[in-house]
Amino acid sequence: MHPLLVQQFANKFSLLKHLGRSTATVQRFSFHPSKMVQIKEGDKIPSIDLFEDSPANKVNMADLCAGKKVVLFAVPGAFTPGCSKTHLPGYVDRADAIKSSGVQEIVCVSVNDPFVMSAWGKQHNTGGKVRMLADPAAVFTKQLELGADLPPLGGLRSKRYSMVLEDGVIKSLNVEPDGTGLSCSLADKIKV
């Protein structure tokens with residue numbers, strides 16, 4: 001490990017001890033010298049809670065995908081033009097065809113609150129076709145390393161992507177080259 005990193009850890013450790021923090025607290029503040037890597041094909045979907053319809057209705061992604069074939073797609077924001085005119089409607093229109101190929105769930109994720117995702121889903125008649133899941137604090141998005149800083153939309157948002165999962169394992173992942181475009185992640189491009 002680089003000597004500077006060792007010194008930074010020692011400083012952090014001694015400061016926390018000085019403040020009377022427990023060893024467990026100190027261990028929580030450990031760091032990793034390597035950058036996180038974007039999730040990839042062959043990885044398992046993380047066990048993170050998203051929200052459906054309200055903050056009271058948690059949906060754990062690992063549990064949702066366990067034992068199922070799932071298509072998941074993410075958008076930068078609900079009610080935005082590309083998401084509302086093309087991306088979400090494409091999955092709603094093709095839901096029956098996608099599900100007829102063995103997919104049990106189609107899931108839309110966005111860094112929005114669950115009330116916004118619910119209203120957006122109702123506007124596009126997603127009931128029984130596409131589950132609208134909110135990632136309000138971008139925890140899921142950050143864990144996948146698929147975030148994009150989009151200040152006009154409020155800061156950290158999700159890149160636009162789609163994936164096919166089987167029993168929680170990513171079988172295919174299609175991330176838009178610029179993170180926001182409308183090409184490889186569209187419903188008519190998904191290969192199940």
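Figure 1. The model is predicted; local features are described only at pLDDT of at least 70, side-chain atom pairs count only at pLDDT 80 or more, and totals for chains, interfaces and linings use all residues. Residues are numbered from 1 along each chain as its sequence is written, and side-chain values use heavy atoms, with hydrogens and water left out. S4 and S5 (residues 131–134) pair in the parallel sense over four bridges; two strands are said to pair if DSSP finds at least two bridges between them. Helices (H or I, at least four residues) and strands (E, at least two) are DSSP runs, numbered from the N terminus. Together with helix H5 (residues 114–123), S4 and S5 make a right-handed β-α-β unit. A crossover is called right-handed if, with the strands pointing away from the viewer, the path from the first strand over the helix to the second runs clockwise.

**Figure 2. Strand S3 (residues 69–75) and strand S4 pair in the parallel sense.** Six bridges join S3 and S4. Leu72 has Val107 as its bridge partner in S4. A right-handed β-α-β unit is formed by S3, helix H4 (residues 81–99) and S4.

**Figure 3. Strand S4 (residues 105–110) is mostly covered.** Six of the six residues of S4 are buried. Buried means under 20% relative accessible area, exposed means over 50%, and partly exposed lies in between (1.4 Å probe, protein chains only). In a regular strand the side chains alternate between the two faces of the sheet. On one side of S4 are Glu105, Val107 and Val109, and on the other are Ile106, Cys108 and Ser110; all are buried. In the protein as a whole, buried residues make up 45% of the 192 residues.

**Figure 4. Two aromatic pairs are found in a search of the whole structure.** A pair of aromatic rings is described by the distance of the centres and the angle of the planes. Rings of Phe, Tyr and Trp (its six-membered ring) pair if their centres lie within 6.5 Å; planes under 30 degrees apart count as stacked, over 60 as edge-to-face and the rest as tilted. The rings of Phe73 and Tyr91 have centres 3.9 Å apart and planes at 5 degrees, so this pair is stacked. Because Phe73 lies in strand S3 and Tyr91 in helix H4, the pair ties together parts that are 18 residues apart in sequence. Phe73 is buried, at 0% relative accessibility, and Tyr91 is likewise buried, at 0%. Phe79 and Trp120 form a tilted pair, with 6.3 Å from centre to centre and 50 degrees between the planes. This pair links distant parts of the chain, with Phe79 in the loop between S3 and H4 and Trp120 in helix H5, 41 residues apart. Trp120 is buried, at 0% relative accessibility, whereas Phe79 is partly exposed, at 41%.

**Figure 5. Phe79 and Asp167 are loop residues.** Phe79 has a phi near 65 degrees, a positive value in a residue other than glycine. Asp167, also a residue other than glycine, has a positive phi near 50 degrees. The loop that holds Asp167 lies between strand S8 (161–166) and strand S9 (169–175). Asp167 is partly exposed, with a relative accessible area of 43%.
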